[in-house]
Amino acid sequence: MPSTPRSTRSRTKNPGSQSALRHLNQQRIIECLLNGPSTQAELARQTGLSTATVSNIVKIMQDAGLASTEPITSSGRRALNVRLNSNGAVAVGIDFGRRHLRVVLATLSYHIIAEESVLLPLGHHYDEGIRAAVDLLAKLLEESGVERSAVVGAGVGIPGPIDRRTGTVAQGAILPEWVGINILQHLEDTLNFPVFVDNDANLGALSEVTWGPHSGISNLMFLKIGSGIGAGLILNSAPYYGNVGITGEIGHATIHEHGLICRCGNRGCLETIASTTTMIELLSRGEEKPLSAEDIVRKALERDSATLRVVDDAGLAVGRALGNVANLINPEVIVVGGPLAGLGDLLLDPIRRGLVRHAVPVIGETTTLTMSSLGDRAEALGAAALVFQHAGIRRS
């Protein structure tokens, strides 16, 4: 898959200390074992470490439950074969939202060890979000009994475009306080293991073809409808990033030329019609306090007429934008995710009507439109899958 922004080296605090050196050497051994079991002699050759150092670290990993060993015969000689246990290499998935943070821990076998989400204040600054992620990760590692040295890397989703040339958050992000920040560098400096950063919709698409039910799909589009609207693309079985990494900005497709001014500076963008922010503004009139996305789902399922009309209008607008995209890339599957996934067919039906109306007939008829089965976990799970892909691990 195309390269995802990450720094060129993994950093450790106080790199000259014995514990830091042991941690670094253990990570080197884990990286070798990600490709499969190896003898201690092979590990020494691959890492450049002495056989005594490898033996000591393997013993530490055994005691921690990260690895197991078995005697074998190699080239006519007795040797000790080392393999990672199922939790011997753990990926971290981090999803930053406008108002939320979710962290997951997952094993090589795509098993979730732990996960938790917390609320973040609206308009939070990047350092506040990073501190919350560090604290939540430390909590999950301790509660699940996972050694920090078992973490092979962290995937991170950001609700906005990432300039892949620099790793910075580009203009247009739902988190304006993060624009221009090299979030990759800040995160890797703080976490002290490899970090891979991507747009949250891209990670949603990746989650659908790894964790989700669409592993055999070569051309898939993941549409996230939330405070903003973005799309992630899997084309010819690989994530598509374009020239500088800013793709899938379907939320800024013009739907009404003389519509409302969008945060991007244009008029009548899809986000001004179909984002949860717009729906909340419309439906909160006359309410004692602003509604939430969860309230929209609840009121729609209760058949509230005003909510159903707002959802229907939004769905038609989304379908119109999807029709134009489908005409261009002809996806096999379009998956809709985000906080409104609980609406099911109440949202899918108007989207489907808009798609069929604005797409070439054969494309509209042959494109599968479905809700994400992963719910609000999709982006964090995609972030964990991103780590596994960079380690060369595919789900079997």
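Two strands count as paired if DSSP finds at least two bridges between them, and helices (H or I, at least four residues) and strands (E, at least two) are DSSP runs, numbered from the N terminus. The model you are looking at is predicted: local features need pLDDT of at least 70, side-chain atom pairs count only at pLDDT 80 or more, and totals for chains, interfaces and linings use all residues. Residues are numbered from 1 along each chain as its sequence is written, and side-chain values use heavy atoms, with hydrogens and water left out.

Let us start with a sheet. Three strands form an open sheet in the order β1-β3-β2, with antiparallel pairing. The edges are taken by β1 (38-39) and β2 (67-74), each of which has a single partner strand, so one side of each is left without a neighbour in the sheet. Between β2 and β3 (residues 77-84), which run antiparallel, there are eight bridges; E70, for instance, has N81 in β3 as its bridge partner. Helix α3 (residues 51-63) packs on this sheet and touches β2 and β3. Contact here means heavy atoms within 4.5 Å. The direction of α3 makes about 130° with that of β2, where axes are lines fitted to C-alpha atoms, for helices over the stretch in contact, and angles run from 0 to 180 degrees between N-to-C directions.

Next, the cysteines. How many disulfides does the structure hold? The count is zero, a disulfide being a pair of cysteine sulfur atoms within 2.5 Å.

Another buried residue is S207, with a relative accessible area of 0%. S207 has its place in helix α6 (residues 200-208). Leaving aside neighbours within four places in sequence, S207 is in contact with G212, L374, A378, L381 and G382.

A cavity is a set of points on a 1 Å grid over the protein atoms alone where a 1.4 Å probe fits but cannot get out, and lining residues have an atom within 4 Å of a point. The structure holds one cavity of 30 Å³ or more, and the largest cavity has a volume of about 40 Å³, the volume being the space filled by probe spheres set on the points. Its lining consists of Q27, I30, E31, S149, V151, V152 and P194. Helix α1 (18-33) and strand β7 (151-158) each give two or more residues to this lining, and α1 gives the most, with three.

Terms used:
On a 1 Å grid over the protein atoms alone, a cavity is a set of points where a 1.4 Å probe fits but cannot get out, and a pocket is an open set with protein on both sides within 12 Å along at least five of seven lines; lining residues have an atom within 4 Å of a point. Buried means under 20% relative accessible area, exposed over 50%, partly exposed in between (1.4 Å probe, protein chains only).
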